[in-house]
Amino acid sequence: MSLDAAVALRLGALELDVALTVPTGGALAVLGPNGAGKSTLLRILAGLRSADRALVALDGTTLDDTERGISVPAEARSIGYVFPDLRLFPHLTARDNVAFGLRTRGIGRTDAARRAAEWLERLDVARVADRRPGTLSGGEAQRVALARALAAEPALLLLDEPLSAVDVASRATTRSAMRTAVTAGPGDAPTRLIVTHDPVDAATLAECIVIVEDGRVVQSGSLAELAARPRSPYVADLVGVNLLRGTAEGGRIRLDGGGELAVVGRTSGPALAVVHPRAVALHRMAPAGSPRNAWAVRITAIEPLGDRVRVRVSGPPDLVAEITATALGELALEPGAPAWAVVKATEVRVLPD
Amino acid sequence: MNRRTRRVPLGIAIPAALGLAFVVLPLVGLVTDAPWDTLVGSLTNPEARAALRLSLLCSAGATVVAFGLGLPLAWVFARLDFRGRSFAWALVMVPMVLPPVVAGVGLLAAFGRRGLVGGFLADHLGVYLTFSPAGVVLAEAFVALPFLVVTVEAALRAAGTELEEAARTLGARPWTVLRRVTLPAVGPALAAGAALAWARALGEFGATITFAGNVSGRTRTVPLAVYLLLDREPEVATALSLLMLAVSITVLAALRSRWLGRAQ
């Protein structure tokens with residue numbers, strides 16, 4: 001049993017065409033830059049928006065089949081939805097918000113209130129049961145919204161940027177509360193689909209990550225798998241490595257962005273070169289001797305990262321170097337300054353593209 | 001620059017002060033001219049009491065009719081996108097700008113004894129709307145309807161569809177969404193729209209006298225009585241006018257916070 005979805009939609013500049021499967025009770029994170037179509041995908045799954053083509057089945061029940069003209073209305077789908085802006089009903093107390101989905105499914109007033117209170121308890125916000133959403137903190141409101149989505153025990157839980165309304169300080173505790181809450185109900189844990197642009201959310205709330213860019217799935221796997229072989233600059237940036245695309249030929253890669261990269265081993269054809277930022281060295285002067293990969297670059301940005309510093313340079317190629325703060329002081333580099341970037345051929349990992 | 005300390009050019013200040021005086025003077029006149037010592041007696045005069053009773057009943061009825069028809073219309077205009085939407089909207093707004101006498105003539109043509117619908121009602125059901133309190137309700141509802149529709153439609157648009165979507169994902173069918181989410185969200189606007197519609201209905205003159213006539217106790221509402229009594233018993237007419245002014249100011253005061261909120 002699983003969620004199986006294949007949807008396609010043209011909407012202005014967006015061309016969404018995504019297929020994905022989540023095993024029942026499992027969690028999949030959809031990660032991607034803004035405007036990639038992630039939220040639109042969730043809206044289609046929830047039945048809030050129609051698609052040009054959609055084939056969606058949840059545990060064997062067809063929710064959408066555009067070819068056969070099937071589209072189950074949103075209110076008849078067993079789906080819980082946590083919106084990025086939460087959308088709690090402002091005129092109802094937290095308890096009545098949580099009870100809403102139970103009442104619409106025919107559960108009596110007393111029973112619904114009792115079960116709503118239990119859900120607030122599970123999410124550790126029982127104390128706000130009688131308060132209106134307007135008086136809640138971001139973290140409290142987020143937990144009430146999650147309780148509301150879970151209370152009717154949906155088969156599928158859609159979380160759209162679930163932590164965006166939560167301030168940074170309470171994000172970690174809210175995140176762990178969410179992790180325990182989704183499996184804390186009396187029934188089976190719902191299948192989860194989490195849309196986010198935060199890799200930490202993705203890695204902690206889901207077992208598997210799908211990367212969506214410009215409406216397409218570009219890669220999927222665990223965060224470790226994505227980090228090992230990122231397939232797009234977005235993924236590389238996300239997991240913090242340099243990704244250079246080009247054509248390999250006889251121990252060299254001719255980079256698409258300009259310049260060449262010497263590598264170890266002989267591959268040929270389209271290739272992806274992964275260079276860890278710590279493998280990029282920076283110099284003020286042209287390096288002595290003849291390192292095979294040395295480029296004249298310009299410093300574009302310097303970002304502190306603990307006791308180390310990330311230095312972005314524009315080439316070609318554009319790179320991120322990670323050096324110690326001491327080294328930065330000795331080099332006396334600042335944005336706009338020219339420099340030399342050096343990478344040892346042995347530090348370059350080459351993947352076929 | 002601070003709004004309050006800003007220097008105002010005389011070319012603005014003088015006409016603005018005149019404008020204020022222009023509005024205030026008739027109100028002051030009403031108050032100073034009023035026969036305060038005979039006020040209670042004037043208002044308990046049988047003619048005045050009949051008119052007041054009729055006005056209250058008919059304006060309340062008109063508000064109910066405007067509410068029952070205007071709320072669905074406002075929802076349709078705010079939530080649906082269909083061909084001819086703006087044309088239909090303009091039609092519903094016509095009574096707002098139409099001379100009330102013309103509205104009365106139109107109502108006669110539709111609901112009069114020989115009207116499009118009125119003829120059928122009279123011949124088959126024995127229902128006569130002209131010269132009856134029901135006719136007054138109809139005339140008042142006709143002119144009041146657009147006030148309710150614009151107020152509620154604006155509120156529905158401002159409320160957006162986000163909460164309605166959330167309700168749908170929680171299993172709420174359309175009727176439940178309307179009842180438990182949409183209407184509570186626009187509650188204050190419903191009250192404001194109803195108050196505006198009621199005030200407009202209460203003051204209705206032209207359409208009422210044209211369509212329903214001026215029958216004492218049956219269609220002679222307060223505005224009609226004021227006009228009629230101004231020659232015969234001017235102190236009663238002034239007393240009734242004063243009462244209408246008080247009602248208008250009360251409605252305005254009730255809506256004040258809403259209007260101020262919009263102006264800021």
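Predicted model: local features only at pLDDT ≥ 70, side-chain atom pairs only at ≥ 80, totals over all residues.
**View 1. The residues with the most neighbours in the largest nonpolar core.** Of the 107 residues in the largest nonpolar core, A:Val7, A:Val30, A:Leu158, A:Ile194 and A:Ala273 touch the most other members. (A nonpolar core is a set of buried Ala, Val, Leu, Ile, Met, Phe, Trp, Tyr and Cys residues joined through C-beta atoms within 7 Å; buried means that 20 or more other C-beta atoms, placed from the backbone, lie within 10 Å of a residue's own.) Helix α4 of chain A, residues 138–151, gives the most to this core: eight residues.

Residues are numbered from 1 along each chain as its sequence is written, with chains lettered from A and ligands numbered from 1 in written order.

**View 2. Around A:Leu158.** Leaving out residues up to four places away in sequence, A:Leu158 touches A:Leu42, A:Leu45, A:Ala46, A:Ile79, A:Gly80, A:Tyr81 and A:Leu193 (C-beta atoms, placed from the backbone, within 7 Å).

**View 3. Where α4(A) meets α5(A).** Helix α5 of chain A covers residues 171–181, and its axis sits 11 Å from that of α4(A), at an angle of about 15°. The two helices are therefore roughly parallel (angles under 35 degrees). Among the residues that meet are A:Leu146 in α4(A) and A:Ala177 in α5(A).

Key. Buried ≥ 20, exposed ≤ 12 C-beta atoms within 10 Å, placed from the backbone. Helix = DSSP H or I, 4+ residues; strand = E, 2+ residues; numbered from the N terminus. Contact = placed C-beta atoms within 7 Å. Axes fitted to C-alpha atoms, helices over the stretch in contact; angles between N-to-C directions. Parallel < 35°, antiparallel > 145°, perpendicular 65-115°, else oblique.
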